Amino acid sequence: MITATNIQSAYNDLYKEVRRYIWDFDTVSALADLEVETYQTFPDIEQLIKKFDTFKRYVNDTDVLREDEDVKKAFDEFEEIINDDNMELYANLKDFQEVPV
């Protein structure tokens with residue numbers, strides 16, 4: 001089982017690597033779309049994969065994935081998490097205690 005938090009953590013690692021570069025508007029927009037989907041409480045995995053593939057396609061148009069091993073590793077790790085065939089996604093929900101009135 002994987003939590004939404006694990007996906008978010010992998011996204012944070014990916015973001016940490018790609019933020020070292022200057023990207024064009026379309027690439028930044030694709031990254032923003034990926035981030036929005038990643039940070040849903042229950043992300044739609046199909047949409048997440050689609051948005052990741054779009055972002056990766058924009059990055060592939062540059063030499064970054066071929067030249068920077070850290071970026072490639074972050075992409076591979078994020079892709080491995082979201083493409084897991086046996087993934088069962090769940091979210092940790094906060095438990096609030098009632099206050100007597």
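1. Helices H2 and H3 are roughly antiparallel to each other, a label given to angles over 145 degrees, where under 35 counts as roughly parallel, 65 to 115 as roughly perpendicular and the rest as oblique. In this predicted model, the two pack at an angle of about 155°, with their axes 9 Å apart; axes here are lines fitted to C-alpha atoms, for helices over the stretch in contact, and angles run from 0 to 180 degrees between N-to-C directions. H2 passes H3 in a left-handed crossing, the term for a near helix turned anticlockwise from the far one by less than a right angle, clockwise being right-handed. On the H2 side the contact is made by Asp26, Thr27, Ala30, Leu31, Asp33, Leu34, Glu37 and Thr38, and on the H3 side by Gln47, Leu48, Lys51, Phe52, Thr54, Phe55, Tyr58 and Val59, where contact means heavy atoms within 4.5 Å. These residues divide into 8 nonpolar, 4 polar and 4 charged, with Ala, Val, Leu, Ile, Met, Phe, Trp, Tyr, Cys and Pro taken as nonpolar, Asp, Glu, Lys and Arg as charged, and the others, Gly among them, as polar.

2. The reading of the model rests on a few conventions: residues are numbered from 1 along each chain as its sequence is written, and side-chain values use heavy atoms, with hydrogens and water left out. Local features need pLDDT of at least 70 and side-chain atom pairs count only at pLDDT 80 or more, whereas totals for chains, interfaces and linings use all residues.

3. The protein chain has 5 helices and 2 strands, which run β-α-α-α-α-α-β from the N terminus on; helices (H or I, at least four residues) and strands (E, at least two) are DSSP runs, numbered from the N terminus. Of its 101 residues, 33% count as buried, meaning under 20% relative accessible area, with exposed over 50% and partly exposed in between (1.4 Å probe, protein chains only). Among contacts between residues at least 6 apart in sequence, 74% join residues at least 24 apart.

4. The axes of H1 and H2 come within 10 Å and cross at roughly 160°, which makes H1 roughly antiparallel to H2. This crossing of H1 and H2 is left-handed. Ile7, Gln8, Tyr11, Leu14, Tyr15 and Val18 in H1 meet Leu31, Leu34, Glu35 and Thr38 in H2, and the residues of this contact divide into 7 nonpolar, 2 polar and 1 charged.

5. Leaving aside its neighbours within four places in sequence, Phe55 is in contact with Leu14, Val18, Thr27, Ala30, Leu31, Leu34 and Phe75.

6. Thr27 lies in helix H2 and, at 3% relative accessibility, counts as buried; apart from neighbours within four places in sequence, Thr27 is in contact with Phe55, Tyr58 and Val59.
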